[in-house]
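Please look through the structure shown here with some care. The paragraphs after it take up a few of its features in turn.

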Amino acid sequence: MLCNNVIESMGIADLGCSSGPNSLSVISEIMDTVEAANRLLGRRLVSEFRVFLNDLYSNDFNNIFMSLPAFYDRLKEEKGLEFESCFILGAPGSFYGRLFPTNSLHFVHSSSSLHWLSQVPAGLESNALKRLNKGKLYISKSSPQSVVDAYLLQFRNDFSLFIKSRSRELVAGGRMVLSFMGRSSTDPTTENSCYQWELLAQAIMSLAREGRIEEEKLDSFNAPYYAPCAEEIKDEIQKEGSFTIDRLEAFEIDWDGGAVTDIHTPHGKLSVGRRVAKAIRAVVESMLESHFGIEPDVMDDLFIRYGDIVGTHLSKSRTKYFNLVMALTKKW
């Protein structure tokens, strides 16, 4: 994109930015790429950056904004960029819909966000009259076909709206890089798609059997999550028609990030279980707390049990996450 254009003011959006220490790292990486292109071509290709950080309204944007002075100082020190050439703004709201003015963006990035749906699929809500997915939190091998169909329909509706919205906001020739959880097979019940949810349901059920969590609460919970396969992604992009898929790659990730190597020893099994449980808890605790009304001591016990279950599973079968990464170009 930069090799063919000089961009006076480059619009960049990071969708699903969160509020932790990594929130600004991708912006820094994009700026490094632009500076490398400047050096390669011997001219300044971008005069200023307009950076939009997006997440849901409940995101802690104040935490990000408090880190901006140090970020601007680092930009000036490491890259020579003056404060006046980089404008960082918050853009709260769901990316399943319009967020930015027409033709205002040149580059869109989203990592680890698009596997979250805008809502629980229709018919699977907590107030639904019939419990279609009893004892499960997500799609599993025992889920009826109606549950699988409901999830796929919700994903199609959400992802098509995401693509249509970005099509309006990106300039012709603008790019997107999207990274999210997926699956290796067209079968939505494959282990790298759903097994982390299966094991979490086992941990919750163990507490339900002891009367510490209501089993009915488990029957009425379905995660607003979907791990698509590459074919499902391609179908929606091709139907919308505004983007060309430049690259679509997949790679596997150990549940613990590959940090634990002695997985078959008692210490390794304990370590990998705790590490995975800590990561999953950071993602799902607020959802579980809201739905189940779990007290802090019960929540602690839940993830201790989950860690034990995960450690035992991974010591026998090294199940991995499956990540999809794609690069898209806006046609017109």
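Which residue forms a salt bridge with arginine 98? In this predicted model, the partner is glutamate 169, and the closest N and O atoms of the pair are 3.3 Å apart. In total, the count comes to 17 salt bridges.

The strand β4 also has a part in the second largest pocket, where β4 (105–111), α1 (25–41) and β5 (170–181) each supply at least two residues of the lining. The pocket holds about 400 Å³ of space, and 16 residues line it, with Leu2, Ile30, Thr33, Phe107 and Val177 lying nearest its centre. Helix α1 gives the largest share of this lining, namely six residues. Sorted by class, the lining of the second largest pocket has eleven nonpolar, three polar and two charged residues.

From the pocket we can turn to a pair of helices. Two packed helices are described by the distance between their axes and by the angle that those axes make. For helix α8 (residues 266–292) and helix α9 (residues 296–316), the axes come within 7 Å and cross at roughly 135°, which means that α8 is oblique to α9. The crossing in which α8 passes α9 is right-handed, and the contact of α8 with α9 comprises 13 nonpolar, five polar and seven charged residues.

Notes:
Residues numbered from 1 in each chain as written. Predicted model: local features only at pLDDT ≥ 70, side-chain atom pairs only at ≥ 80, totals over all residues. Heavy atoms only, no water. 1 Å grid on protein atoms, 1.4 Å probe; cavity = no way out; pocket = protein on both sides within 12 Å on 5 of 7 lines; lining within 4 Å. Points joined across faces, edges and corners; volume = space filled by probe spheres on them. Helix = DSSP H or I, 4+ residues; strand = E, 2+ residues; numbered from the N terminus. Nonpolar A, V, L, I, M, F, W, Y, C, P; charged D, E, K, R; others polar. Axes fitted to C-alpha atoms, helices over the stretch in contact; angles between N-to-C directions. Parallel < 35°, antiparallel > 145°, perpendicular 65-115°, else oblique. Left-handed = near helix turned anticlockwise from the far one by under 90°. Salt bridge = Lys/Arg side-chain N within 4 Å of Asp/Glu carboxyl O.
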